[in-house]
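Please keep the sequence and the model in view while reading.

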Amino acid sequence: MLRCGHGFPIRQPRLDEVQKLYWLLPGHCFMLRNECSYIFRNLSKSRIATACCSWFFKQRDRLLFMTPPTPTDAVLWRPPAPPLRSNLSIGFQILTGRSPDLLFALPRDCYTKDVVSVPLGRRPVFIVNHPETLRRLFTDDRESYPKSDLMISTLSPLLGNGVLLSAGKRWEHDRKMLEPAFMQMRLEAMFPKMLDAVNTWINRLDSLPKNHIVSLEHELSWVTADVMFRILFSQPIEGDAAKAIFHAFTSFQHHSPQFNLRVVLASNPSRDEPLSAVLKEEAKKIRGTIEELLIQRKKRLSGGETFFDFTQVLIDARDSEGNTFSNTEIIDQLAVFFLAGHETTASALAWCFFLLSQQPVWLSKLQSENDQQLGDKPFAFSNFRQMQKTRAVFRESMRLYPPVAFLTRRAMQEDYFGKLRIPKDSFIVASPWLVHRHNAFWSNADRFDPSRFIEQENAPVTGSYMPFGLGPRACTGAMIAQLEATLILSEILRRFYVKPIHPEQVFPVSRVSVRSNCGIPVCFVRHDPR
Ligand code: HEM
């Protein structure tokens, strides 16, 4: 009998078991290392982590090779995700003074129960995970559940009263005025700007030395920011103003407190959270630069020049009484579009490329689709609808890694979810991450299976798929994001193989969007080496 290095009897592992080992173990060890650091924070972390990891490695053959896989395991792959943990272990981490990453902090109950109450903080927190209740929150009763005070106080120095944060009549008014900007006709007219940004990026990738390692996430943030810059301001990101905004945004997101579990639990609904000076400073910088761009634009317009971009749409927008947006309002909306529009798309695309790099079958399906639909021609706007498999893979990767993992709301009055009382001012968390992984609404919920978005009989239950939110406040840019993602996927996949350097070390963490723990180091390997 074959024996492992620690003496446990093992048999020859099958391919799917190796795959499982490959993914699960480093993940668990990564978790274990973090876990140890949280628990024994005053002791030598590395010593304890090393001891625990070595114990874990000793168990690995027993744990994995000797567990017969279920039939679905043999076919579908489980991409990296936190293992399910008990409520107790999370409570312990918080009590020991460490706030774990929100994704890692979600206990098993959150994945399986319809509503979970978190009894630890200053105010009641409820995590909702049922499509029916989510539909109620976002549609029928949305007036009673406006955006959370924590989200508003964090983002308002940057976004003012822009459409992402405004409420009531003001929101209705602004959203109506913005509608024309997102009409398909305008998107089609803006498509060449997207294409220019993507081509510039591809030329840069082409010029990189062979085997050069780059961060996939950073690259995608750069190209999606460039796309947004061109469609918002008709300027590429190489300009000084664009670069200044891009870097200030990155720093702003880094200092944003709203995704810190301890801050959420300690927040007080009757007063705003104090914000860091850096956050306020960066917000001021970004708004100042956008204002300069707007002033320059207005000067050039009075000189007779014409433009076709979002800034122009906002300048030209009129409500039913003929009123226009003020300069401050235009700055608010432009900041919203930039914040909401580039980081989210970059996060979704990074996961999509990563998943494809680990799933050669789907990679080759997408390459064949490219060959069939595009041949040697560049991607055109009309190709978007035809790329059925590419769009399905993108949708599946947003199911597994929704860029916005948590949407937060505040209960304005007492309410009931079933028999559960929701006190006034409760903090409500609706999580695409959780509802997308609920076993009652998804078969093989934690497995990668894009075919679920191709076969009609597997269509998701309404309210169980919400990467773009739900109801009237759902994302206005969903169409732009999907068009841009399909374009980038097609254009990259026909030229490059995106090769991760240490795929086994990639793990999701919750930042402003769902990111990886390591930026995903990759090489862009050309199909036709020069
Ligand atoms: C994959 C990419 C994207 C994802 C996953 C995404 C996700 C979301 C989500 C979940 C919301 C709802 C937030 C809530 O209810 O609290 C939202 C709102 C919004 N998004 Fe996106 N978004 C994406 C791309 C974009 C793009 C490209 C734009 C604009 C160019 C955009 C503009 C907006 C705006 C303006 C809102 C506020 C809508 C309102 O409250 O009326 N988003 N987005």
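## Terms and basis

A residue is called buried if 20 or more other C-beta atoms lie within 10 Å of its own, exposed if 12 or fewer do, and partly exposed in between, with the C-beta atoms placed from the backbone. The model is predicted, and local features need pLDDT of at least 70, side-chain atom pairs count only at pLDDT 80 or more, while totals for chains, interfaces and linings use all residues. Residues are numbered from 1 along each chain as its sequence is written.

## The chain as a whole

The chain contains 20 helices and 11 strands, where helices (H or I, at least four residues) and strands (E, at least two) are DSSP runs numbered from the N terminus. Of its 530 residues, 39% are buried.

## Helix 12

Helix 12 covers residues 240-254, and its 15 residues should span 21 Å at 1.5 Å a residue, which agrees with the 21 Å between its end C-alpha atoms; the expected span is 1.5 Å times one less than the number of residues. Its buried residues are Ala242, Ile245, Ala248, Phe249 and Phe252. They lie on the same side of helix 12 because they cover an arc of only 135° around the axis, the arc being that of the directions from the helix axis to the C-beta atoms.

The cover over these buried residues includes helix 8 (149-159), helix 11 (216-233), helix 14 (277-302) and helix 16 (327-358). On the face of helix 12 turned away from its buried side are the exposed residues Asp240 and His254.

Four strands form an open sheet of mixed pairing in the order 1-2-7-4, two strands being paired if DSSP finds at least two bridges between them. Strand 1 (115-118) and strand 4 are the edge strands, each pairing on one side only.

Strand 7 (residues 427-430) is joined by four bridges to strand 2 (residues 125-128), which runs parallel to it, and Phe126 stands opposite Ile428. Four bridges also join strand 7 to strand 4 (residues 407-410), here in an antiparallel arrangement, with Arg410 as the bridge partner of Phe427. In a regular strand the side chains alternate between the two faces of the sheet. In strand 7, Phe427 and Val429 point one way and Ile428 and Ala430 the other way, and all are buried.

Methods. Contact = placed C-beta atoms within 7 Å.
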